[in-house]
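Colleague: Let's go through this model together. I'll ask, you answer.

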Amino acid sequence: MFNNSSAQFGGIPPVVKNLLIANIICFIGANFVFKYAYTIFPVYYFDSPMFHWWQPITYMFMHGNINAGGLAHIFFNMFALYMFGPILERIMGSKRFVYFYLITGLGALALQFGVQAFEVFNITGSPSAKSVLDFNFETGMVSSKIDGISKANFDTLASVYFTPMVGASGAIFGLLVAFGYLFPNTELYLMFIPIPIKAKIFIPIYIVLELFLGVSKFSGDSVAHFAHLGGALFGFILIKIWGIKRPGLWG
């Protein structure tokens, strides 16, 4: 994807290697071993009855169901981790790289929760909709406790409360921003584009596209675009706070 492979830097460093292994094991386990994995390990809205304290961490190691595009989901995330992670781990150090990965993943979730809370507040006047929604755990059905709520608003609340989020994409966007900041002139070779594009051009365009898609909310789009933006934002903040400098060799 870019013209300096991790092989030139002595192979895959330990944290990236372990993250790759952990994500692949979780994907296999969720799809072929533990049938309740997609119920308890993805993350739900913080006010949802489906939310549990461990989900802000476990969601980062879950990817979509293999029957619903999950294979492509994990492939592209792990490919990006493999391509961009090793050089960033060597620059930051393994310990700081772990913090970076987890904090950007949590930052992605924080922004997603913030956007969802805003949506709920606009409908109910509160970030909680428990006075509006009734969830029957036995039947799995969601209903309204009050009359007069529009179908569109009910559907929005039900989606916020009972649609889980999975994936390492927030942390991956943090890595992309870090790479683009530290190696702005590195040329990226992308699928379907026959010419190389410098990181300082591609990554800002990609982020603006995510913002557009998040605001537009096209029908059928189930991607958590604001989570991607949250990962990118926290990645940039960490790079600046930690004072990580561009290596002079790369420019």
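Colleague: To start with, what percentage of the residues in the protein is buried?

Modeller: This is a predicted model, where local features need pLDDT of at least 70 and side-chain atom pairs count only at pLDDT 80 or more, while totals for chains, interfaces and linings use all residues. Residues are numbered from 1 along each chain as its sequence is written, and side-chain values use heavy atoms, leaving out hydrogens and water. Buried means under 20% relative accessible area, exposed means over 50%, and partly exposed is in between (1.4 Å probe, protein chains only). Of the 251 residues in the protein, the buried share is 43%.

Colleague: Among contacts between residues at least 6 apart in sequence, what percentage joins residues at least 24 apart?

Modeller: A contact is a pair with heavy atoms within 4.5 Å. With residues at least 6 apart in sequence counted, the share joining residues at least 24 apart is 71%.

Colleague: Let's take α5 next. How far does α5 reach from its first C-alpha to its last?

Modeller: The expected span of a helix is 1.5 Å times one less than its number of residues. For α5, with 31 residues, that gives an expected 45 Å, and the model is close to it. Just after α5, Gly125 takes a positive phi of about 80°. End to end, α5 reaches 45 Å.

Colleague: How are α4 and α5 oriented to each other?

Modeller: Helix α4 (residues 70-92) packs on α5 at an angle of about 130°, with the axes 7 Å apart. Axes are lines fitted to C-alpha atoms, for helices over the stretch in contact, and angles run from 0 to 180 degrees between N-to-C directions. Under 35 degrees counts as roughly parallel, over 145 as roughly antiparallel, 65 to 115 as roughly perpendicular and the rest as oblique. α4 and α5 are therefore oblique.

Colleague: Which hand does the crossing of α4 and α5 have?

Modeller: On the α4 side Leu81, Gly85, Leu88, Glu89 and Met92 take part, meeting Ser94, Arg96, Phe97, Phe100 and Tyr101 of α5. A crossing is left-handed if the near helix is turned anticlockwise from the far one by less than a right angle, and right-handed if clockwise. The crossing of α4 and α5 is right-handed.

Colleague: Now α6: what do the buried residues of α6 pack against?

Modeller: Helix α6 covers residues 151-162, and its buried residues are Phe154, Leu157, Ala158, Val160, Tyr161 and Phe162. Down the axis of α6, these buried residues fall within an arc of 165° (taken from the directions from the helix axis to the C-beta atoms), so they line one face of the helix. They pack against α5 (94-124), β1 (133-136) and β2 (141-144).

Colleague: How many of the 14 residues of α7 are buried?

Modeller: Helix α7 takes in residues 169-182. Its end C-alpha atoms are 20 Å apart, which agrees with the 20 Å its 14 residues should span. α7 is largely enclosed by the rest of the structure, because its buried residues number 13.

Colleague: At what angle do α7 and α9 pack?

Modeller: Their axes are 7 Å apart, and the crossing is right-handed. The contact includes Phe173, Val177 and Tyr181 of α7 and His228, Gly231 and Gly235 of α9. The two helices are oblique to each other, at an angle of about 45°.

Colleague: Is His228 buried or exposed?

Modeller: His228 is found in helix α9 (residues 225-242). Setting aside neighbours within four places in sequence, His228 is in contact with Ser169, Gly170, Phe173, Glu210 and Val223. At a relative accessible area of 10%, His228 is buried.

Colleague: Last one: which hand does the crossing of α8 and α9 have?

Modeller: Helix α8 (residues 199-216) packs on α9 at about 145°, with their axes 8 Å apart. Glu210 and Leu211 are among the α8 residues that meet α9, where His228 and Leu229 are among the partners. The crossing of α8 and α9 is left-handed.

Technical notes
Helices (H or I, at least four residues) and strands (E, at least two) are DSSP runs, numbered from the N terminus.
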